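Below are some notes on the model for your file. Please read them alongside the sequence and the coordinates.

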Amino acid sequence: MDGRRQGGLAAAGCWLVAAAGGWLTALALGAAGAGAALAQQRDLSKVEIKVTPVAGKVYMLEGAGGNIGASVGEDGILLVDDQFEELAPKIRAALAGIAPGGKLKFVINTHWHGDHTGGNRVFGLEAPIIAQTNVRRRLATEQSARGQKVPPSPKQALPVLTYDQAVSVHWNGEEIKVIHFPHGHTDGDSVVFFTGSHVVHMGDDLFAGRFPFVDLGTGGSVQGLIDDVTKVLEMMQTMPADVKVIPGHGPLSGRADLERFRAMLVATNDIVRRRMQAGESLEQMQAAGLPAEFAPWGSGFIDAKAWIMTLHDSLAMDAASGKAGGHGRR
C-alpha cells in the first residue's frame with residue numbers, strides 16, 4: 001500500500017468527518033484523541049442526546065460518535081459504548097431521564113475507536129469496563145492515526161474485564177451475550193445480544209444504509225466483515241422476525257437492514273475484485289465508480305471513491321498475505 005493510501009481512509013485510526021444536522025464534527029478514532037488539535041476540530045457543545053426505547057429494557061442513545069445501547073432496569077444501568085468524554089454529562093442526564101436515581105454498573109466497549117470509548121475516561125471511574133482482549137491492548141498502547149500518534153488511554157479508561165471469545169452478563173432479567181467477531185471493522189469487534197429483549201447491538205460491524213469504515217490498519221478486513229455479518233444473520237434465525245438492531249452508526253434497524261448491508265458488501269467487493277483481476281488500477285476504478293444502485297450508500301462520510309479504495313486495499317492485503325481474507329488474517 002503506497003503512502004497516499006496509507007494516509008487515506010483505509011489507514012488505521014483516521015479522522016472521520018461526518019455531517020450531522022448541517023454541522024461538521026471531526027470524530028477522532030484514537031481512544032485518547034490528539035490533544036489540542038482534536039479539541040479545535042471537535043465542537044460538541046451543541047450535541048443533544050436522543051433517547052429511543054428499543055425493546056424490553058434496552059434503549060438507544062444517539063449523539064455524536066457511535067450509537068450507545070443501554071440496559072436499564074432493577075439491577076441498574078449497563079452501557080454499550082460511551083461516545084466522547086465531553087458528552088459524558090449529557091449522556092448521564094439522558095440516562096437520568098430514563099431511570100432517575102439509576103446507577104451505572106457496567107460499560108461494554110464494542111471496539112477501541114474513540115467515538116465509542118472516549119467516555120471511558122469518565123464512566124470508568126464509576127463502573128468496570130468490559131471489552132475483548134484486543135480492545136484493551138490497543139487502548140493501553142500508542143496507536144497511529146493518519147500519521148499522528150494516539151497516546152495510550154489513562155488507567156481509568158481501560159477495560160478491567162476482558163475476554164478472548166465471549167462473555168455473558170446476566171443483567172436486568174436477561175442474559176446479555178457479548179461475542180467477539182474478529183477481523184471485520186477492527187480486530188477487537190464484539191456484537192452484543194440482548195437475548196430476552198431480542199435486540200442486537202452491532203457496533204461498527206453495521207453502518208446502517210451507508211458504506212462502512214473498515215480499519216485495515218488495526219486488523220479490519222472487508223471479507224472479514226462479510227463473514228461476521230453473515231454469522232450474525234445466521235444467529236438471528238433463532239430470534240423473532242422483529243428483532244431490533246442497533247448499528248454503530250445510523251438509525252435503529254432490523255434484520256432486513258442487516259441483510260441489505262451484507263448484500264451491498266458482497267456485491268461491491270465482487271465488483272472491485274473482478275476489476276482488479278481485469279488489470280484496472282485503483283484510479284480507473286474510482287473514475288468508473290460503482291453502479292447507480294449503490295449511490296445512496298455513499299451519503300455518509302465514506303463516499304464511493306473512499307469505499308472503492310477500501311475494497312481495493314483490503315483485497316490487495318488479502319492477496320499479499322496469501323489468505324482468503326477475513327478471519328484468516330492476523
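1. Which residue in strand 17 is the bridge partner of K244? In this predicted model, K244 is bridged to G254 of strand 17. Strand 16 (residues 244-246) and strand 17 run antiparallel and are joined by 2 bridges.

2. These strands belong to an open sheet of 6 strands, ordered 12-13-14-15-16-17, in which the pairing is mixed. Strand 12 (166-171) and strand 17 (253-254) form the edges, each pairing on one side only. Helix 7 packs on the sheet, where it touches strand 13 (174-180), strand 14, strand 15 and strand 16. The direction of helix 7 makes about 10 degrees with that of strand 14.

3. The largest nonpolar core comprises 41 residues, and M236, L258, F261 and W307 have the most contacts inside it. Two or more residues each come from strand 14 (190-194), helix 7 (222-236), helix 8 (255-277), helix 9 (282-288) and helix 10 (304-321). Helix 7 gives the most, with 7 residues.

4. Leaving aside neighbours within four places in sequence, L258 is in contact with M202, L206, V229, V232, L233 and M236. Another core, of 22 residues, lies apart from the largest one; L44, A70, A94 and L95 are among its residues.

5. Beyond its neighbours within four places in sequence, S197 is in contact with A55, G56, K57, V58 and E174.

Key
Residues numbered from 1 in each chain as written. Predicted model: local features only at pLDDT ≥ 70, side-chain atom pairs only at ≥ 80, totals over all residues. Heavy atoms only, no water. Core = buried A, V, L, I, M, F, W, Y, C linked by side-chain atoms within 4.5 Å. Buried < 20%, exposed > 50% of the residue type's maximum accessible area, 1.4 Å probe, protein only. Helix = DSSP H or I, 4+ residues; strand = E, 2+ residues; numbered from the N terminus. Contact = heavy atoms within 4.5 Å. Pairing = 2+ DSSP bridges. Axes fitted to C-alpha atoms, helices over the stretch in contact; angles between N-to-C directions.
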